[in-house]
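Here are my notes on the model below. Please keep the sequence and the 3D view open while you read. Each point takes one topic.

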Amino acid sequence: MKFEITTKKINTIKADCEFVLIIEKNLDHKWITNKAEFKELGFESKAEEVCFLPHAKKVYGVVKDLDRDEIRIIISSMLKAIKKTTYKTIKIGSYVKNCPVTNIKAIVEGAILGSYSFDKYKSKKESSIKREFIISLDEYEDKEIKLEDAKKALHSAMVIANATNFTKDIVNTPPDDMTPKKLAKVAKNLAKEYDEIECFVGDEKFLKKEKMGAFLAVARASEHEARFIHLSYKPKDAKDRFVFVGKGLTYDSGGLSLKPSDYMVSMKSDKSGACAALGIIKGAVELNLKSEIHVIIGACENMIGGNSYKPDDILKAKDGTTIEVQNTDAEGRLVLADCLCYAIELKPDYLVDLATLTGACVVALGEYSIGVMGHNKELIDSLMNSSSRSGELCAHLPFNRHLKKLLKSDVADICNISSSRYGGAITAALFLDKFIKDEYKDRWLHIDIAGPAFVNKEWGYNQAGASGAGVRMALYWLKDHEYKKERN
Ligand code: BES
Ligand code: ZN
Ligand code: ZN
């Protein structure tokens, strides 16, 4: 998809069709020229409604207000309305209300995210016309400055949305085609594509050398060898170091604590945290961010076999902590435990792990929201603030001392599951907390994306399947962090 920004008046621009936004029930705008037909068509101009008038070559879309996600959702629906047409160019005016660049970003993100499809495995592909959006700054006065700003906004929105779609592609790829080795190949390809990115891949020999006993146990029964992946982006004079750790279970069968078949379907998505981290570093480089960024991925499969790790086993993590296994389906936290120990050795200023960690998080928040956990309320708030502007829904799940005690083991330092069935998203995070050294507690955030990372039905501008959860949230957050730093 291509985008152009222009100061030309909307009615002087040549295009195959025009998109017009209507703010709920408000039909007074100069771009709304088909009012008379709306009644006849039963178009009530209520939020989320779309009206395509082929003879006028116009598509009307209704938003409640000019909130970013209102715009993203309607743009995606308007594109769906013209999906089968041959229209190549679409013109749209950006409105003055709100910040103009905000609106432009939302239009671009809605268009790129909403028109994603995963048809690599379909013999018959849907025709994909390369469309071009012409965004007019018709309503703006101070055009010189606005055009400059608008172009920057366009670039950043394109990078962020494309990084999200890049993540969706990896997550949607079936498990036999996205094994740990293949995931490492994707990481290596990033390093090939961008000179600024370096990539290290460790095999099981490396895991043994690093004493990653928990990670190794999870990976043991698979035919596909595990991979440890470390990507780094170190711009000159970087002030802060961010480390993103991703859960990369290329398949989670549950292991000997086998999942029921219904729950096993879609577990190719258990690598979503890792794929999000790859999208984040790709986006960060393209945005030319000034912070140092590392991505650590623990990639393996949780399978069954004669050599599976078992409930009752006691594992030893990289930092020497012993872990009693009571359920082999609580495997993500074991892989992450070792990866977090490694990540801490990089001395991060900010340490963030992304994982499809618990079904309990989905039960608590529903499928569409991300769970955010940590010790530092200020840090949590800053991430949640950026997230809400990025369009990703999230909620804070608070720790407490009572939940922490539920992880006690009689025979080891900690047990891999809680003794209670309640509060599972938080107890999983508290398990990870055991591996975060004291001086890093306030720098750490745990992000459970088990709900939105992969949803079976389309929602908003997201397709059925992977949504790239975590990518937009993190990139908005990194950008906001830089903006705040520059102002201080
Ligand atoms: N990968 C799953 C969590 C998950 C569930 C992700 C649903 C996406 C959708 C994780 O490894 C798991 O199985 N967790 C268990 C933990 C339990 C055994 C304590 C769960 O949530 O049931
Ligand atoms: Zn599991
Ligand atoms: Zn899992």
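1. Start at the two metals. The zinc ion (ligand 2) and the zinc ion (ligand 3) lie 3.2 Å apart, and Asp-252 bridges them. Asp-252 lies in strand β9 (residues 241-252) and Asp-329 in the loop between β12 and α10, so this pair ties together parts 77 residues apart in sequence. Strands (E, at least two residues) and helices (H or I, at least four) are DSSP runs, numbered from the N terminus. This is a predicted model: local features need pLDDT of at least 70, side-chain atom pairs count only at pLDDT 80 or more, and totals for chains, interfaces and linings use all residues. Residues are numbered from 1 along each chain as its sequence is written, chains are lettered from A and ligands numbered from 1 in the order in which they are written, and side-chain values use heavy atoms, with hydrogens and water left out.

2. **Zinc ion (ligand 2).** Which protein atoms are the donors of the zinc ion (ligand 2)? They are Asp-252 (OD), Asp-329 (O), Asp-329 (OD) and Glu-331 (OE), lying 2.0 to 2.2 Å from it. Donors are N, O and S atoms within 2.8 Å of the metal (3.2 Å for Na, K and Ca); water is not among the atoms, so sites may look incomplete. Along the chain, the donors of the zinc ion (ligand 2) are spaced D-x76-D-x1-E. The six donor atoms around the zinc ion (ligand 2) subtend angles of 71 to 167°, which makes the arrangement irregular.

3. **Zinc ion (ligand 3).** Here the donors are Lys-247 (NZ), Asp-252 (OD), Asp-270 (OD) and Glu-331 (OE), at 1.9 to 2.4 Å. Their spacing along the chain is K-x4-D-x17-D-x60-E. The site of the zinc ion (ligand 3) is octahedral, with angles of 77 to 174° among six donor atoms. The labels work like this.

4. **Buried or exposed?** Buried means under 20% relative accessible area, exposed over 50%, and partly exposed in between (1.4 Å probe, protein chains only). Asp-252 counts as buried, at 3%. Asp-270 is also buried, at 3%. Glu-331 is buried at 0%. Asp-329 is partly exposed, at 22%.

5. **Strand β4.** Now turn to β4 (residues 58-63). Six of its six residues are buried. Lys-58, Tyr-60 and Val-62 cover one side, and Val-59, Gly-61 and Val-63 the other; all are buried. Strand β2 (residues 17-23) runs parallel to β4, joined by six bridges. In that pairing, Val-20 stands opposite Tyr-60. Strand β3 (residues 50-53) pairs with β4 in the antiparallel sense over four bridges. Two strands pair if DSSP finds at least two bridges between them. Val-50 stands opposite Gly-61 in β4. β3 and β4 form a hairpin with four residues between them, and Lys-57 in the turn has a positive phi of about 55°.

6. **Glu-18.** This residue lies in strand β2. Glu-18 counts as buried, at 9% relative accessibility. Leaving aside neighbours within four places in sequence, Glu-18 is in contact with Ile-10, Trp-31, Lys-57, Lys-58, Val-59 and Lys-91. Contact means heavy atoms within 4.5 Å.

7. **Two domains.** The chain is divided into domain 1 (2-145) and domain 2 (165-487). These bounds come from an automatic or database domain assignment. The domain centres, taken over C-alpha atoms, are 36 Å apart. Domain 1 gives 15 residues to the contact and domain 2 gives 17. About 1,500 Å² is buried between them, and carbon and sulfur atoms give 50% of that. Leu-113, Tyr-116 and Phe-118 lose the most area on the domain 1 side, together 42% of what that side buries. Buried area is the accessible area (1.4 Å probe) that two parts lose on being put together, summed over both.

8. **Trp-477.** Finish in helix α15 (residues 471-487), where Trp-477 is found. Trp-477 counts as buried, at 4% relative accessibility. Not counting residues up to four places away in sequence, Trp-477 touches several residues, including Phe-242, Phe-244, Tyr-350 and Leu-445.

Technical notes. Four donors count as tetrahedral if all angles lie between 85 and 135 degrees; four count as square planar and six as octahedral if opposite donors are over 155 degrees apart and all others between 65 and 115; anything else is irregular.
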